[in-house]
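Subject: Structure for you to look at

Hello,

Here is the structure I promised to pass on. Please open it first, then read my notes below.

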Amino acid sequence: MAKSNNNADQLITVILGGIEDVKGKDIKILDLRELENTVCDYFIICEGTSNTQVNAIVNSVQKKVSKELKDHPWHIEGSDNAEWVLMDYVNVVVHVFQKHTRQYYDIESLWGDAKTTIIETSY
């Protein structure tokens, strides 16, 4: 089990790097492991300021994870309109929003019992 957690930690670190490379905003990690009936162990949530930036974040994460960990998302959806793109890495699910869509769905509140880590950025 420890190996799987190390893999998740590595994956999260690389995903965060991909988000930060293209200046994704308001990055949060929700740890869902202590909650019942969850679909994965972690959510990583961030936002971009436009369709272009949302797609840039998704592409950056994909390239970085592929290059550094030789891993690919199991599934990606939402790329067409780029208001909310979900990247499913099985144990880690990445949500890349535009601000208005993130506020509307407010998934941080839906998963309010999860332990939340706010990632500080320097940009």
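A term first: two strands count as paired if DSSP finds at least two bridges between them. On that basis S1 and S2 pair in the antiparallel sense, over 5 bridges. In that pairing, lysine 25 has glutamate 47 of S2 as its bridge partner. Please keep in mind that this is a predicted model.

The sheet

The sheet is open and has 6 strands. Their order is S3-S4-S5-S2-S1-S6, with mixed pairing. Strand S3 (75-77) and strand S6 (115-119) are the edges, and each pairs on one side only. From one strand to the next, the twist averages 15°.

Now the individual pairs. Strand S1 (residues 25-31) also pairs with S6, again over 5 bridges and in the antiparallel sense. There, lysine 28 stands opposite isoleucine 118. S1 is largely enclosed by the rest of the structure, because 5 of its 7 residues are buried.

S2 and S5 run parallel and are joined by 7 bridges. Glycine 48 faces glutamine 98 of S5 across the sheet, as its opposite residue. S4 and S5 run antiparallel, with 5 bridges between them. Valine 85 stands opposite valine 96 in S5.

How many of the residues of S5 are buried? The count is 7 of 7, so the strand is mostly covered, given that buried means under 20% relative accessible area. Val92, Val94, Val96 and Gln98 point one way from S5. Val93, His95 and Phe97 point the other way.

S4 and S5 make a hairpin with 3 residues between them. Valine 90, in the turn, has a positive phi of about 70°. Asparagine 91 is also in the loop between S4 and S5. Its relative accessibility is 34%, so asparagine 91 counts as partly exposed. Asparagine 91 is 49 residues from tyrosine 42 in sequence. In space, the two are 6.5 Å apart, C-alpha to C-alpha.

Glutamine 53 lies in H2. Is this side chain's residue buried or exposed? Glutamine 53 counts as buried, because its relative accessibility is 13%. A polar atom of its side chain lies 3.0 Å from the backbone oxygen of valine 22. Apart from neighbours within four places in sequence, glutamine 53 is in contact with Val22, Lys23, Gly24 and Gly48.

The nonpolar cores

In soluble globular proteins, nonpolar side chains tend to be buried together. Here the largest nonpolar core has 25 residues. Ile15, Ile19, Ile44, Val61, Tyr89 and Val92 have the most contacts inside it. Helix H1 (2-21), S1, S2, H2, S4 and S5 each supply at least two residues of this core. H1 gives the largest share, 7 residues. A second, separate core has 10 residues, including Cys40, Phe43, Ile45 and Leu86.

Valine 92 is worth a click. Leaving aside neighbours within four places in sequence, valine 92 is in contact with Leu11, Ile12, Ile15, Cys40, Tyr42, Ile44 and Met87.

The cysteines

A disulfide is a covalent bond between the sulfur atoms of two cysteines. How many disulfides does the model have? The count is 0. The cut-off is 2.5 Å. Cysteine 46 is likewise in no disulfide.

Both cysteines come out as buried. For cysteine 40, the relative accessible area is 4%. For cysteine 46, the relative accessible area is 0%.

Best wishes

Key. Residues numbered from 1 in each chain as written. Predicted model: local features only at pLDDT ≥ 70, side-chain atom pairs only at ≥ 80, totals over all residues. Heavy atoms only, no water. Helix = DSSP H or I, 4+ residues; strand = E, 2+ residues; numbered from the N terminus. Axes fitted to C-alpha atoms, helices over the stretch in contact; angles between N-to-C directions. Core = buried A, V, L, I, M, F, W, Y, C linked by side-chain atoms within 4.5 Å. Buried < 20%, exposed > 50% of the residue type's maximum accessible area, 1.4 Å probe, protein only. Contact = heavy atoms within 4.5 Å. Polar contact = N/O pair within 3.5 Å; in protein donor to acceptor, adjacent residues only side chain to side chain.
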